[in-house]
Amino acid sequence: MATQSSIDMLQIAAAAADSIGGEDLVALDVSEPLPLVDVFLLVTGRSERNVAAIADKIEEKLVEAGHKRLRREGRAEARWILLDFGDIVAHVFHQEEREFYSLERLWKDCPVVPIHLPATRPAD
């Protein structure tokens with residue numbers, strides 16, 4: 001089961017993604033099949049520029065909260081950016097890639113983790 005620390009990181013990342021136009025946010029508890037990761041956050045962006053901005057905002061907010069990014073992949077193409085923060089891995093997709101790779105289907109046996117977003121999007 002995902003730890004409280006991972007859930008807290010998820011909420012920070014989800015709020016960051018939402019604040020900059022991230023869509024279709026889904027969080028999956030992958031702690032059972034993947035012992036080194038607790039949560040996958042899946043987010044869709046409308047364009048390469050939007051995907052990059054969402055990933056940058058997630059990274060910025062998690063680093064501000066004291067978490068260290070271990071790995072980032074896909075930033076140059078901005079079609080599928082992976083941000084690995086250890087306990088949580090954020091996958092920021094362009095819509096076409098999200099549909100093609102369909103991680104929700106691949107990890108369908110994993111429980112969904114509730115995401116609690118602010119009622120209104122912050123200006124920052």
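Helix H1 lies across strands S1, S2 and S5 and runs at about 5 degrees to S2. Helix H2 lies across S2, S3, S4 and S5, at about 165 degrees to S5. Helices (H or I, at least four residues) and strands (E, at least two) are DSSP runs numbered from the N terminus. The model is predicted, so that local features need pLDDT of at least 70 and side-chain atom pairs count only at pLDDT 80 or more, whereas totals for chains, interfaces and linings use all residues. Residues are numbered from 1 along each chain as its sequence is written, and side-chain values use heavy atoms, with hydrogens and water left out.

The five strands form an open sheet of mixed pairing, in the order S1-S2-S5-S4-S3; two strands pair if DSSP finds at least two bridges between them. S1 and strand S3 (71-73) stand at the edges with a single partner strand each, so one side of each is left without a neighbour in the sheet. On average, neighbouring strands of this sheet are turned by 10 degrees against each other, direction ignored. S2 and S5 run parallel and are joined by seven bridges; Val43 has Val92 in S5 as its bridge partner.

The largest nonpolar core contains 26 residues, and those with the most contacts inside it are Leu10, Val39, Leu41, Ile58, Ile81, Leu83 and Ile88. A nonpolar core is a set of buried Ala, Val, Leu, Ile, Met, Phe, Trp, Tyr and Cys residues joined through side-chain atoms within 4.5 Å. Buried denotes under 20% relative accessible area, exposed over 50%, and partly exposed the range in between (1.4 Å probe, protein chains only). At least two residues of this core come from each of helix H1 (4-19), strand S1 (23-29), S2, helix H2 (48-64), S4 and S5. A second, separate core of 11 residues includes Leu28, Val30, Leu103 and Cys110. Residues up to four places away in sequence aside, the contacts of Leu83 include Ala55, Ile58 and Glu59, as well as Ile88, Val89 and Ala90.

His94 is placed in strand S5 (residues 88-94) and is buried, with a relative accessible area of 10%. Among the residues it touches, not counting those up to four places away in sequence, are Thr44, Gly45, Val51 and Arg79.

Four aromatic pairs were counted, where rings of Phe, Tyr and Trp (its six-membered ring) pair if their centres lie within 6.5 Å, and planes under 30 degrees apart count as stacked, over 60 as edge-to-face and the rest as tilted. The rings of Phe40 and Trp107 are edge-to-face, because their centres are 5.4 Å apart and their planes stand at 85 degrees. Phe40 lies in strand S2 (residues 39-45) and Trp107 in the segment after helix H4 (103-106), so this pair ties together parts 67 residues apart in sequence. Phe40 is buried at 8% relative accessible area, and Trp107 also counts as buried at 18%. The rings of Trp80 and Tyr101 have centres 4.8 Å apart and planes at 50 degrees, so the pair is tilted. Trp80 lies in strand S4 (residues 80-84) and Tyr101 in helix H3 (residues 95-101), so parts 21 residues apart in sequence are tied together. Trp80 is partly exposed at 26% relative accessibility, as is Tyr101 at 41%. Ring pairs link Trp80, Phe93, Phe100 and Tyr101 into a cluster.

Technical notes. Contact = heavy atoms within 4.5 Å. Axes fitted to C-alpha atoms, helices over the stretch in contact; angles between N-to-C directions.
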